[in-house]
Amino acid sequence: MTGLFHFANLVRAGIRDNALLWMLIAGFALFPIFTHFADLPFWNDVAMRIMLLGMAAMGLNLVLGYGGMVSFGHAAFIGIGAYCVGISQFFGMTNGLFHMFLSIGVCGALGLVIGYLALRTTGIYFIMITLAFAQMLFFLFVSLEQFGGDDGMSIDRADFLVIDLYEPLRLYFLIWVALALVALGLMFIVRSRFGVTLRAIKSNESRVEAMGLVPLHFKITSYVISAVICGLAGTLFASWQEYVSPDIMHWTRSGEIMIIIILGGLGTLAGPLLGAIVFLLLEEFLPLALGAVAPAYAENWMILFGPLLIMVVLFGRGGLIGLLDKAGFARIGKRKMAVK
Amino acid sequence: MTLTLILEQIFNGLQAGVTLFLVAAGLTLILGIMDFVFLAHGAQVMIGAYAAAAITQATGNFFIGLGLAIPITFASGYLLELLIIRHLYRRDHMEQVLATFGLILFFNEAIRVGFGPAALYSDLPPALSGFVEILPDTPYPAYRLGVIAVGLICALAIHLFVSKTRIGAMVRAGANNPEMTAALGINIKILFRLIFATGACLAGIAGMMLGPLTSVQPGMGEPLLILSLVVIIIGGIGSVRGAFIAAIIVGLVDTLGRVFLPSILRLFFEQATADGAGPALASMLVYILMAVVLIFRPTGLFPAKG
């Protein structure tokens with residue numbers, strides 16, 4: 001009976017989470033109208049960056065939030081996705097769909113290999129081995145001189161048959177469609193038998209094993225899915241930035257995506273996107289705020305951002321979604337926080 | 001000629017190894033005993049380097065710089081633990097990653113505000129700027145030799161401290177089973193704080209010694225942090241002995257790999273292929289080593305927890 005009640009609770013909580021997620025995505029669809037009338041075209045660029053990082057964070061969240069595996073190397077998949085575009089263009093392949101399929105294939109295969117090797121370990125060892133694989137790939141691209149090495153390579157926006165990405169807003173809505181598809185996919189994955197098992201593994205792995213399931217299979221599958229989503233975000237990132245360098249897979253970026261997830265709310269669908277919005281808005285506004293108070297130090301906004309992160313960890317458990325919960329605006333995080 | 005080169009590179013590798021050990025020794029205990037993922041350990045390296053360089057510039061004496069920087073790094077570690085870190089021990093690893101990541105951003109930016117973004121350079125004292133003949137006709141910089149000596153002395157001191165003293169026994173007990181150690185009436189809070197401060201101090205010493213060899217700049221500790229994490233994983237979390245052996249291995253593999261791998265590859269492949277793949281493979285070598293170790297020994301070479 002309690003199990004049934006818990007299930008009902010889960011569905012209800014899920015719906016609320018989904019509602020917030022789709023509200024945010026609908027907001028992104030309408031955002032260009034606002035920037036058009038307010039005459040702020042620069043903010044379209046910021047919105048694209050938010051959607052891309054949000055997409056990558058949603059991918060990582062499947063592993064981090066739902067599966068409880070602290071992967072500290074997902075920036076590598078973003079980088080591989082971006083380099084799939086750069087290297088294909090280097091060899092004359094300009095078709096955007098080809099880039100996407102290539103990136104899905106390469107990131108999936110790489111995710112399978114890295115996931116298989118890394119998931120032999122747990123805890124701190126897992127964090128470190130994922131970091132090590134990411135560093136390995138980072139240094140590989142730093143030393144690949146024919147693809148720009150340290151300096152990176154410039155990229156043309158990908159060629160999508162009838163869609164010319166150089167036209168205004170074409171890239172924006174391509175990213176938006178990708179984000180919506182990823183969100184839709186994740187929504188079904190999280191609700192499915194697979195997603196429930198993944199969460200069960202997070203809370204008690206040996207019990208899942210005792211039920212006759214093989215936790216490793218579920219973990220590796222989720223790792224591959226999240227790698228592919230990050231790779232997809234990377235391919236689009238390359239078109240947005242029109243440039244790719246090993247910096248895209250620097251270990252601090254892995255930390256950044258993790259920050260976005262925890263800022264928003266771990267193990268929720270809307271959390272990563274919400275976190276991306278807040279993270280990038282802070283990145284835009286903190287320098288302005290600091291510049292207003294102490295103009296000489298506007299560039300040193302990190303000096304505020306660092307302590308802010310520590311505050312979030314010390315006082316803001318459950319991220320922004322948790323805060324919304326406490327304020328009574330949502331009912332998403334409580335169940336998740338009870339698990340730990 | 002080649003023998004000279006090989007010998008010189010082995011010494012460079014040793015020097016890199018002992019420096020890594022100084023960073024890794026404290027960190028392995030922080031990870032092992034407190035189960036705390038501390039990414040801001042690289043900042044301690046930077047604090048040590050800046051303290052030493054700034055005091056050296058102000059007083060004009062390298063040794064006064066070193067002497068004053070050591071208590072400064074100890075105090076900074078002690079304060080950091082007292083103010084922030086101790087509130088994070090019970091949190092999960094991810095939150096620790098996030099909070100210490102915030103610390104990195106803060107320290108790097110604070111140094112940039114305080115000392116400017118440009119690198120500081122500190123000159124070597126005349127007593128250490130010469131060369132020593134390690135073999136006939138094989139001169140080697142005296143300073144680097146000094147770094148190796150200091151590193152080895154520190155390693156010996158840590159070894160004696162951990163294996164012979166009462167506090168060392170507490171540290172070992174803490175690494176093996178923290179709950180049981182606390183249950184036996186050992187004040188684990190103070191123990192943690194002292195380990196943390198000592199670890200910060202050792203990392204600071206590494207930074208001070210690196211100062212004259214590299215440029216002292218914001219973020220200088222991070223490459224060392226990542227490498228020392230590799231060292232800790234290979235050696236086994238919580239094992240000081242493992243950290244020492246792994247640090248020497250990683251230092252030698254990294255240094256020798258970068259110098260000799262391209263020419264070794266040239267024996268088997270065409271020149272162009274070897275020149276392209278050599279540097280790439282060399283910089284990936286330590287990470288490959290770590291992955292291989294983890295695949296065969298998932299808890300490292302000398303796991304401390306039994």
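Is Tyr78(B) buried, exposed or partly exposed, and how many other C-beta atoms lie within 10 Å? Keep that in mind; point 7 comes back to it.

1. **Ground rules.** This is a predicted model, in which local features need pLDDT of at least 70, side-chain atom pairs count only at pLDDT 80 or more, and totals for chains, interfaces and linings use all residues. Residues are numbered from 1 along each chain as its sequence is written, while chains are lettered from A and ligands numbered from 1 in the order in which they are written.

2. **Confidence in chain A.** The average pLDDT (the predictor's confidence in each residue, from 0 to 100) is 82 for chain A, and 89% of the residues score at least 70. A friendly caution: where pLDDT is low, the predicted coordinates should not be read in detail.

3. **How chain A is built.** Chain A has 14 helices and 4 strands. Both are DSSP runs numbered from the N terminus: helices are H or I with at least four residues, strands are E with at least two. Of the 340 residues in chain A, 49% are buried. A residue is buried if 20 or more other C-beta atoms lie within 10 Å of its own, exposed if 12 or fewer, and partly exposed in between, with C-beta atoms placed from the backbone. Among contacts in chain A with a separation of 6 or more, 75% join residues 24 or more positions apart.

4. **Where the chains meet.** On the chain B side, 40 residues are in contact with 39 residues of chain A. Helix 4 (93-115), helix 9 and helix 11 (271-296) of chain B each supply at least two residues of that side, and helix 4 of chain B gives the largest share, 16 residues. By class, the side of chain B that touches chain A has 28 nonpolar, 7 polar and 5 charged residues. Here Ala, Val, Leu, Ile, Met, Phe, Trp, Tyr, Cys and Pro count as nonpolar, Asp, Glu, Lys and Arg as charged, and the others, Gly among them, as polar.

5. **Helix 9 of chain B and its partners.** (Axes are lines fitted to C-alpha atoms, for helices over the stretch in contact, and angles run from 0 to 180 degrees between N-to-C directions. Under 35 degrees counts as roughly parallel, over 145 as roughly antiparallel, 65 to 115 as roughly perpendicular and the rest as oblique.) The contact includes Tyr125(A) and Met128(A) on one helix and Ile226(B) and Leu229(B) on the other. Within chain B, helix 9 (residues 222-235) packs with helix 10 (residues 240-268) at about 125 degrees, with axes 8 Å apart, so this pair is oblique too. Val230(B) of helix 9 takes part in the contact with helix 5 of chain A and also in the contact with helix 10 of chain B.

6. **Helix 2 with helix 4 in chain B.** The axes of these two helices come within 9 Å and cross at roughly 20 degrees, so they are roughly parallel. Gly42(B), Ala43(B), Met46(B) and Tyr50(B) of helix 2 meet residues of helix 4 including Leu103(B) and Phe107(B). The contact has 8 nonpolar, 1 polar and no charged residues.

7. Tyr78(B) sits in helix 3 (residues 62-83) of chain B. To return to the opening question, Tyr78(B) is partly exposed, because 17 other C-beta atoms lie within 10 Å. Leaving aside neighbours within four places in sequence, Tyr78(B) is in contact with Arg193(B) and Ala197(B). Phe196(B) is 118 residues from Tyr78(B) in sequence, yet their C-alpha atoms are 6.8 Å apart. Gln57(B), in helix 2 (residues 41-59) of chain B, also counts as partly exposed, with 13 C-beta neighbours inside 10 Å.

Methods
Contact = placed C-beta atoms within 7 Å.
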